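Colleague: I'd like to learn how to read a model like this one, feature by feature. Could you walk me through it?

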Amino acid sequence: MGTHDDAVRVIARLARGFDKALGGTDITLPQFRLLAFLDEGERAASALADWLEVSRPSITALVDGVVQRGWVERRESPDDRRRVLHVLTDAGRARLAEATIVLSGVLDGLAEHLEPAEQAVVAEGLSLLAVASGRRREAAMSS
């Protein structure tokens, strides 16, 4: 099995671990992903659906849930009144921070099984994946 095969399986297990960790809270992993994306700035529903790779009806249902909780607000675009933007609220930012702590605990639990030098390598690798993900998202949004 190649390096990517191992990585894909570990990431799948991590996703399951994240789901499980959030199971005792009031936020789901898709909601977390939505809040994290909105933490970078306001977005239209189409951008949310594209980034989360879900259909328009699915993004509507997901957004309805976070709007009801007061984590996201819908606002008219100042440039086009027909366009609705989604904005993270202070309550949403707080909920995102709380959930981030929970999910960081999953990674910390794994890191406990590594030597300090190995932990540094993992941290660097995750940072590079974050850079790659950001660049990929920027490229997709500009095309």
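Colleague: Let me start with a single side chain. Is Arg93 buried, partly exposed or exposed?

Modeller: Keep in mind that this is a predicted model. Arg93 has a relative accessible area of 37%, so Arg93 is partly exposed; the buried class would need a value under 20%, and the exposed class one over 50%.

Colleague: And which residue does Arg93 form a salt bridge with?

Modeller: The general idea first: side chains of opposite charge can pair when their charged atoms come close. Here the partner is Asp39, with the closest N and O atoms 3.3 Å apart.

Colleague: How many salt bridges does a search of the whole structure find?

Modeller: The search turns up 7. One of them joins the side chains of Asp26 and Arg95, at 2.6 Å from N to O. Because Asp26 is in the loop between H1 and H2 and Arg95 is in helix H5, this bridge ties together parts that are 69 residues apart in sequence.

Colleague: Which residues are linked with Asp26 in a network of salt bridges?

Modeller: Arg95 and Glu98 are linked with Asp26 in that network.

Colleague: Which parts of the chain does the salt bridge of Arg74 and Asp64 tie together?

Modeller: Their side chains meet at 2.5 Å, N to O. Arg74 is in strand E2 and Asp64 is in helix H4 (residues 56-68), so a strand and a helix are tied together by residues 10 apart in sequence. Arg74 is partly exposed at 39% relative accessibility, and Asp64 is partly exposed at 30%.

Colleague: Since E2 came up, how do I read the sheet? What is the order of its strands?

Modeller: In general, strands of a sheet pair through backbone hydrogen bonds, either parallel or antiparallel. In this model the sheet is open, has 3 strands in the order E1-E3-E2, and its pairing is antiparallel.

Colleague: Which strands stand at the edges, and why is one side of each left without a neighbour?

Modeller: Strand E1 (43-44) and strand E2 (72-76) are the edge strands; each has a single partner strand, so one side of each has no neighbour in the sheet. E1 is joined to strand E3 (residues 84-88) by 2 bridges. To spot one of the pairings, look for Arg43, whose bridge partner in E3 is His86.

Colleague: Now the aromatics. How many aromatic pairs does the count come to?

Modeller: Ring pairs are read from the distance between centres and the angle between planes. The count here is 1 aromatic pair. Phe37 and Trp51 have ring centres 4.3 Å apart and planes at 5 degrees, so they are stacked; the cut-off for stacking is under 30 degrees. Phe37 comes from helix H2 (residues 29-38) and Trp51 from helix H3 (residues 45-52), 14 residues apart. Phe37 is buried at 1% relative accessibility, but Trp51 is partly exposed at 25%.

Colleague: Last one, the surface. Which residues form the nonpolar patch?

Modeller: Leu107, Leu110, Leu114, Val122, Leu126 and Leu129 form the patch, and together they have about 470 Å² of accessible area. Helix H5 (90-111) and helix H6 (116-142) each supply at least two of its residues, with H6 giving the most, 3 residues. Leu129 is in helix H6 and, at 53% relative accessibility, counts as exposed.

Key: Residues numbered from 1 in each chain as written. Predicted model: local features only at pLDDT ≥ 70, side-chain atom pairs only at ≥ 80, totals over all residues. Heavy atoms only, no water. Phe/Tyr/Trp six-rings, centres within 6.5 Å; stacked < 30°, edge-to-face > 60°. Helix = DSSP H or I, 4+ residues; strand = E, 2+ residues; numbered from the N terminus. Buried < 20%, exposed > 50% of the residue type's maximum accessible area, 1.4 Å probe, protein only. Pairing = 2+ DSSP bridges. Patch = residues over 30% accessible without salt bridge, like charges linked within 9 Å, V, L, I, M, F, W, Y side chains within 5 Å. Areas by Shrake-Rupley, 256 points an atom, 1.4 Å probe, with all protein chains shown as cover. Salt bridge = Lys/Arg side-chain N within 4 Å of Asp/Glu carboxyl O.
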